[in-house]
Amino acid sequence: MSLNLMRKQAARPSVATKVGKTIGSKTETPVSTTPRSNLDYLRSLPGVSEPFPDVFDPAGFATKATIPEIRRWRESELTHGRVSMLASLGFIVGEQLEDFPAFLNWDGSVSGPAITHFDQIRDTRPLFWESLILAIGLAESYRVAVGWATPTGNGFNNLKDDYEPGNLGFDPLGLAPSDPEELKELQTKELNNGRLAMIAIAAFVVQEVVEQTEIFEHLALRFEKEAILELDDIERDLNLPITPLPENLKNL
């Protein structure tokens, strides 16, 4: 090899073919080949917000879960949150529209706490439950077809790889923003409202089972009890006769 050829080869910029390679005079930033952890994946999803700026997982479920399991949990959280938002609204609206002419209950055959409405409708409209089950079955069949992998082999009980949890393509009003950050913020709001609704509907059901009173009726009775107790304190300070608490308020 001649001396001139050796000098030319030495003057050429080196080119590496591995991670962290140098091309010409520019050095590429090394790309990490380490798989993203389950917690890092969870932090990248919508739903992380104040007052918990990091992942809220006091029981440590996410630390032991795989990413497919986290995706399935997110799908479940979104589904239950959406159902709970509808249920909470249904409890309140249903109890207020019992005698409204445009309501399903136009004949006044359904009344009282919302937890008893389905049983009352079953007695007056025999096909109600069949229609409800059919509607739920169609909705769930569509959700499974869109998001869930064929239950064979390793795909059993897993979401499709290209499916975003909760994204069923249902946006008839076109409210979803095109900007990714705005969309993530909107998805976080949906999750937070769904979480609140899950707590709310659980409280609604427990309250109505225990007291057998409607939601706003229970609220009004609470206000009445608190007002009487405050009045009793004033009367006690002024040495006036104490206003007795009605029997129906004593157990609240």
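Predicted model: local features only at pLDDT ≥ 70, side-chain atom pairs only at ≥ 80, totals over all residues.
Local features were considered at pLDDT of at least 70 and side-chain atom pairs at pLDDT 80 or more, whereas totals for chains, interfaces and linings use all residues. Residues are numbered from 1 along each chain as its sequence is written, and side-chain values use heavy atoms, with hydrogens and water left out.

Helices are DSSP runs of H or I with at least four residues, numbered from the N terminus. Helix 7 (residues 180-211) comprises 32 residues and spans 46 Å from its first C-alpha to its last, close to the expected 46 Å; the expected span is 1.5 Å times one less than the number of residues. Buried residues (under 20% relative accessible area, 1.4 Å probe, protein chains only) in this helix are Gln187, Thr188, Leu191, Gly194, Ala197, Ile201, Phe204, Gln207 and Glu208. Their cover includes helix 4 and helix 8 (215-237).

The axes of helix 4 (residues 67-96) and helix 7 approach within 7 Å and cross at roughly 50 degrees. Here, axes are lines fitted to C-alpha atoms over the stretch in contact, and angles run from 0 to 180 degrees between N-to-C directions. The two helices are therefore oblique to each other, a class left over once angles under 35 degrees (roughly parallel), over 145 (roughly antiparallel) and 65 to 115 (roughly perpendicular) are assigned. The crossing of helix 4 with helix 7 is left-handed, the near helix being turned anticlockwise from the far one by less than a right angle. Residues of this contact comprise 12 nonpolar, six polar and seven charged; Ala, Val, Leu, Ile, Met, Phe, Trp, Tyr, Cys and Pro count as nonpolar, Asp, Glu, Lys and Arg as charged, and the others, including Gly, as polar.

For helix 7 and helix 8, the axes come within 10 Å and cross at roughly 70 degrees, which means that helix 7 is roughly perpendicular to helix 8. Phe204, Gln207, Glu208 and Glu211 of helix 7 meet Ile215, His218 and Arg222 of helix 8, contact being defined as heavy atoms within 4.5 Å. Two nonpolar, two polar and three charged residues form this contact.

Glu208, located in helix 7, counts as buried because its relative accessibility is 0%. Beyond neighbours within four places in sequence, Glu208 contacts Phe91, Glu95, Pro113, Ala114, Ile115, Thr213, Glu214 and Ile215. The C-alpha atoms of Tyr142 and Leu168, 26 residues apart in sequence, are 8.7 Å apart in space.

Key. Buried < 20%, exposed > 50% of the residue type's maximum accessible area, 1.4 Å probe, protein only.
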